[in-house]
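Colleague: Thanks for sitting down with me. Could you put the model up so that we can go through the wording used for it?

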Amino acid sequence: MSEIRGPRPRRRRLLRVVIGLLVLLSVIGYFAVQRASVGGGAPFCVASADASGRAGESEKYEMSPEQAANAATIAAVGIAKGLPERAVTIALATAMQESALRNLDHGDRDSLGLFQQRPSMGWGTPEQITDPVYSAGIFYDHLVDVPGYSRLPLTVAAQKVQRSGYPQAYAKHEPDATVLTAAFGGGGRLDCGGPAPTQPGDPEKVREGLVRIFGKDGMHTFGPQGGQGGQGGQGGQAGRNGGGGRAVEEPEITMVEKREAGEAATRRSRAMAHWAVANSREMGIARVSYDLRGWVAGKDRGRWQDKGDAGAKNGDGDPYGAAAGEVRIFMAR
């Protein structure tokens with residue numbers, strides 16, 4: 001009687017490889033379908049250096065909502081200080097290397113936060129250092145004290161602030177940091193997909209976050225359908241019902257008006273709008289409009305839409321876009 005043998009080892013290895021590839025392709029296909037669906041899938045954000053959204057892969061950078069919110073804060077603080085794009089790029093590249101854009105509660109020795117700053121080295125208290133607005137602000141304060149920092153190689157400028165043991169590590173993040181800089185304050189954009197918020201937003205929390213970065217000038221909080229709530233109040237109920245008696249669930253909004261023309265004001269407005277999108281999940285922001293463009297949580301695959309785009313309408317039929325030069329932030333209800 002001949003001996004019965006099992007599959008040869010080589011065939012078994014080949015079978016395992018084939019099964020593994022099929023599983024991998026299934027997972028990739030699942031997430032592709034999830035991202036392609038309107039309003040579905042895991043949350044994600046993509047920064048693009050091309051405002052048209054048709055940039056090549058090398059001009060995009062993908063992040064989690066947590067990373068996007070921290071990157072948006074770092075960029076917004078630099079823009080609010082009136083610093084050039086080079087300063088923002090240096091700060092973003094530094095945080096990408098030090099923390100991968102995560103607000104860490106640990107690090108080497110007593111290092112903490114986005115920039116891994118150390119309380120023992122005079123950067124501030126642990127509470128201050130783990131506050132993204134503070135940590136970004138003090139990084140910029142040290143950076144601008146470096147003579148000619150904007151003309152230095154990024155690794156040199158970052159190292160003069162950080163005093164890292166691995167200064168060359170910052171260089172690899174410069175291309176991605178440049179994309180983020182364009183997305184938040186230049187000619188690019190930040191798209192964030194995923195489900196819409198399920199909990200009501202807090203307009204006062206949004207307003208407080210914006211005021212901490214940009215100040216109070218030109219900022220107002222309105223109640224449903226335009227009832228102004230002064231310094232973040234609930235506002236009146238005028239206009240809550242539509243002309244035909246239909247209840248209109250218009251969310252409360254925080255509105256930021258551009259007071260003056262010019263490049264600096266445009267950068268601030270863009271930074272505000274993209275900061276709101278990046279923080280939409282955490283703060284319950286349902287919709288953001290900026291300069292005739294709009295973004296709606298859970299719709300359009302997380303992409304910004306132009307006012308004239310087909311189907312670019314919000315729930316009550318108004319165009320996505322705000323008036324030219326305005327930023328409008330609508331809270332979920």
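Colleague: Leaving aside its neighbours within four places in sequence, which residues is serine 111 in contact with?

Modeller: Serine 111 touches His106, Gln116, Gln117 and Arg118, where contact means heavy atoms within 4.5 Å. This is a predicted model, in which local features need pLDDT of at least 70 and side-chain atom pairs count only at pLDDT 80 or more, while totals for chains, interfaces and linings use all residues. Residues are numbered from 1 along each chain as its sequence is written, and side-chain values use heavy atoms, leaving out hydrogens and water.

Colleague: Why is serine 111 called buried?

Modeller: Buried means under 20% relative accessible area, exposed over 50% and partly exposed in between, with a 1.4 Å probe and protein chains only. Serine 111 has 8%, so it counts as buried.

Colleague: What makes H2 oblique to H5?

Modeller: The axes of helix H2 (residues 65–80) and helix H5 (residues 132–143) cross at roughly 45 degrees and come within 9 Å. Angles under 35 degrees count as roughly parallel, over 145 as roughly antiparallel, 65 to 115 as roughly perpendicular and the rest as oblique. H2 is therefore oblique to H5.

Technical notes
Axes are lines fitted to C-alpha atoms, for helices over the stretch in contact, and angles run from 0 to 180 degrees between N-to-C directions. Helices (H or I, at least four residues) and strands (E, at least two) are DSSP runs, numbered from the N terminus.
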